[in-house]
Amino acid sequence: MASKLLMLTIFVFDLIAFGLAIAAERRRSTAKIKQDGEDDYSYCVYDSDIATGFGVGAFLFLMLSQIIIMVASRCFCCGKALRPGGSRACAVLLLIICWVAFFIAEVCLLAGSVRNAYHTKHRRSYLTSDKHISCETLRKGVFAAGAAFIFFTSILSQFYYVTYAKARGGPMPYGGEAGVGMAAYK
């Protein structure tokens, strides 16, 4: 039987990661073009950089959740063999899909955090160039995509653990002789 305490812990960590990813999306850095006092140069001024911290926090909570679920299930690497059947096949399939969704979520969160922390500080003079400067910011939806894949990872890891526990639980079928051996007594 699947451990309800473990499933609750994983759910809480995934919920925290999801909330941090949504908060990171809402608090992405924005920039405004400012001019210096003499109006010769313009430069970018960025607001708060808290979304980077939220993204890294979501990254770490999701990673912790995945580590806990893989340690609890021994990631199919260690321990006794699972019972053959549909539960084992489903657990293998869910394990693979869970890792793919986890990887995509982690890439979105990490790339969003790095890109959100990057601030251009280029200054251009109006005297030498008529080009406007570009204040690069993170595109909308990167942290939201990470949050969506956190949600998918959470659901898949819960189903994976339940099917793993179902395939692992119960006695293994006996492969030997079903009858009682009789021999001549001398």
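Is F152 buried, partly exposed or exposed? F152 is partly exposed, with a relative accessible area of 41%; buried means under 20% relative accessible area, exposed over 50%, and partly exposed in between (1.4 Å probe, protein chains only).

This is a predicted model, in which local features need pLDDT of at least 70 and side-chain atom pairs count only at pLDDT 80 or more, while totals for chains, interfaces and linings use all residues. Residues are numbered from 1 along each chain as its sequence is written, and side-chain values use heavy atoms, with hydrogens and water left out.

**Figure 1. The chain and its elements.** The chain contains four helices and three strands, in the order α-β-β-α-α-β-α from the N terminus. Helices (H or I, at least four residues) and strands (E, at least two) are DSSP runs, numbered from the N terminus. Of the 186 residues, 34% count as buried. The chain exposes about 11,600 Å², of which carbon and sulfur atoms supply 66%; accessible areas come from the Shrake-Rupley method with a 1.4 Å probe, and for residues only the protein chains shown count as cover.

**Figure 2. The aromatic pair of W99 and F102.** The structure holds five aromatic pairs. One of them joins W99 and F102, which are edge-to-face, with 5.3 Å from centre to centre and 90° between the planes. Rings of Phe, Tyr and Trp (its six-membered ring) pair if their centres lie within 6.5 Å; planes under 30 degrees apart count as stacked, over 60 as edge-to-face and the rest as tilted. Because W99 and F102 are three residues apart in helix α3 (residues 86-117), about one helical turn separates them. W99 is partly exposed at 35% relative accessible area, whereas F102 is buried at 9%.

**Figure 3. The aromatic cluster of F149, F151 and F152.** Ring pairs link F149, F151 and F152 into a cluster. The ring centres of F149 and F152 are 5.7 Å apart and their planes lie at 80°, so this pair is edge-to-face. Both residues belong to helix α4 (residues 142-168), three residues apart, or about one turn of the helix. F149 is partly exposed, at 25% relative accessibility.

**Figure 4. The surroundings of D14.** D14 lies in helix α1 (residues 4-26) and is buried, with a relative accessible area of 2%. Not counting residues up to four places away in sequence, D14 touches L62, S65, I150, S154 and S157; contact means heavy atoms within 4.5 Å. The C-alpha atoms of D14 and F151 are separated by 7.5 Å, although these residues stand 137 residues apart along the chain.
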